[in-house]
Amino acid sequence: HVHRLRNPMRDRITAIIAVLLLALLAATTYWYSQSTRIGALSNPVSREGPDVVVDGATLTQFDADGRATNKLIGDRVTHYPSDDRVEVLRPRMISLRADQPQMDARANHARVEEGGARVIFTGDVTVIRAEGRDGEPSMRLTTDRLTALPDLEQFSTDAPAEIERGGSRIRSVGMDYDNIKRTVKFRSKVQGTVEANASAKGVAP
């Protein structure tokens, strides 16, 4: 037998849909889920269109031990049942792992795929990593599109990107960042300035 692991984000989205549909049947306009309020709710008439639209939503992802790992906030969250994707307007994703520097990602739009395993940010993407407890300097990443794998704390883009960290400022086309290993790899057309000891702190061309 093949046993599929439970996906906390997918389970949460499914729970949200169920609660909202029940709220519609009860003719209520209030839904409680971590300071989330219903702004609009579309009827699931067609699987091609959205079945749920929530204004001011907060989705929290948990690990197998019940610890919160990531929080995704959006001005509007829309779920499409045809491919189970979630579209988020003006998203903000915050990492909550106590053993890693906090990551705070913002953009104009995000698409959540694979039950939360993949989040694609587009439009004025900015990611800020807080300073590490070991003195690792904070980092700021800007680009126009970015793919995040929240479970792995990995971020990548094939678009032009710029990273500022400590005394370093580097621009490149394409980039891969691992928040657990704290390494940055630049793919092509790399230019900028690097402080003398940055290579020892994880900046890799």
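## Overall layout

The protein chain has one helix and twelve strands. This is a predicted model. Read from the N terminus, the order of elements is α-β-β-β-β-β-β-β-β-β-β-β-β.

The protein chain has 205 residues, and 43% of them count as buried. Its accessible surface comes to about 11,300 Å². Carbon and sulfur atoms account for 52% of that surface. Contacts also reach along the sequence. Among those between residues at least 6 apart, 37% join residues at least 24 apart.

## Salt bridges around glutamate 136

A search of the whole structure gives 18 salt bridges. Two of them involve glutamate 136: one with arginine 129 and one with arginine 165. In the bridge to arginine 129, the N to O distance is 3.7 Å. In the bridge to arginine 165, the closest N and O atoms are 2.8 Å apart. Arginine 165 and glutamate 136 lie 29 residues apart and link distant parts of the chain. Arginine 165 belongs to strand S9, residues 154-165. Glutamate 136 sits in the loop between strand S7 (118-129) and strand S8 (139-149).

Glutamate 136 has a relative accessibility of 9%, so it counts as buried. Arginine 129 is buried too, at 0%. Arginine 165 has 4% and is also buried.

## Other salt bridges

Glutamate 162 pairs with arginine 171 in a further salt bridge. Their closest N and O atoms are 3.6 Å apart.

Elsewhere, salt bridges with shared partners build one network. Its members are Asp83, Arg85, Glu87, Arg111 and Glu113. Arginine 85 has another partner as well. It lies over the face of tyrosine 80, at 3.9 Å from the ring centre.

## The aromatic pair

How many aromatic pairs does the count come to? The count comes to one. The pair is made by phenylalanine 155 and tyrosine 177, with ring centres 6.4 Å apart. Their planes meet at 35°, so the pair is tilted.

Phenylalanine 155 is buried, with a relative accessible area of 5%. Tyrosine 177 is buried as well, at 2% relative accessibility.

## Serine 172

Strand S10 also holds serine 172. Serine 172 is buried, with a relative accessible area of 3%. Its side chain reaches the backbone oxygen of glycine 174 at 3.0 Å.

Which residues does serine 172 contact, leaving aside its neighbours within four places in sequence? Ala159, Pro160 and Ala161 are among them.

Key
Residues are numbered from 1 along each chain as its sequence is written. This is a predicted model: local features need pLDDT of at least 70, side-chain atom pairs count only at pLDDT 80 or more; totals for chains, interfaces and linings use all residues. Side-chain values use heavy atoms; hydrogens and water are left out. A salt bridge is a side-chain nitrogen of Lys or Arg within 4 Å of a carboxyl oxygen of Asp or Glu. Buried means under 20% relative accessible area, exposed over 50%, partly exposed in between (1.4 Å probe, protein chains only). Helices (H or I, at least four residues) and strands (E, at least two) are DSSP runs, numbered from the N terminus. Contact means heavy atoms within 4.5 Å. Accessible areas come from the Shrake-Rupley method with a 1.4 Å probe; for residues, only the protein chains shown count as cover. Rings of Phe, Tyr and Trp (its six-membered ring) pair if their centres lie within 6.5 Å; planes under 30 degrees apart count as stacked, over 60 as edge-to-face and the rest as tilted. A charge sits over a ring if NZ of Lys or CZ of Arg is within 6 Å of the ring centre and within 35 degrees of the ring normal. A polar contact is a pair of N or O atoms within 3.5 Å; within protein, one must be able to donate a hydrogen and the other to accept it, and residues adjacent in sequence count only if both atoms are side-chain atoms.
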